[in-house]
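I opened my notebook beside this model to look up a few things. Come along and read with me.

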Amino acid sequence: MNPSDRNRNQHSAADTSADPLLIYIALALLTVLCILQIDIHRDALLRLGVSSQEQIDTRFFGP
């Protein structure tokens, strides 16, 4: 591979941008992960005083 081909490949790779749908999906998955992490570590957060101790209405719990 000669240097001009390498420069052309690097230049074409720098011109591409991320698909907006991919960014949306990544942010949605990150949000779900954050919610799950908070739910998993709820007791530790309560001990630290980071989370409130308000009870969640049972209507919002799943089956």
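**Notebook entries**

I looked up burial and found that 0% of the 63 residues in the chain are buried (under 20% relative accessible area with a 1.4 Å probe and protein chains only; over 50% is exposed, and partly exposed lies in between).

I noted that this is a predicted model, where local features need pLDDT of at least 70, side-chain atom pairs count only at pLDDT 80 or more, and totals for chains, interfaces and linings use all residues. Residues are numbered from 1 along each chain as its sequence is written, and side-chain values use heavy atoms, leaving out hydrogens and water.

I checked pLDDT, the predictor's confidence in each residue from 0 to 100. The chain averages 77, and 65% of the residues score at least 70.

I listed three helices and zero strands (DSSP runs numbered from the N terminus: helices are H or I, at least four residues; strands are E, at least two). Their order from the N terminus is α-α-α.

Which helix has the lowest confidence? I found helix H1 (residues 3-15) lowest at a mean of 62, and helix H2 (residues 20-40) highest at 92. Where pLDDT is low, the predicted coordinates should not be read in detail.

I then turned to Tyr-24, which sits in helix H2. Tyr-24 counts as exposed because its relative accessibility is 60%.
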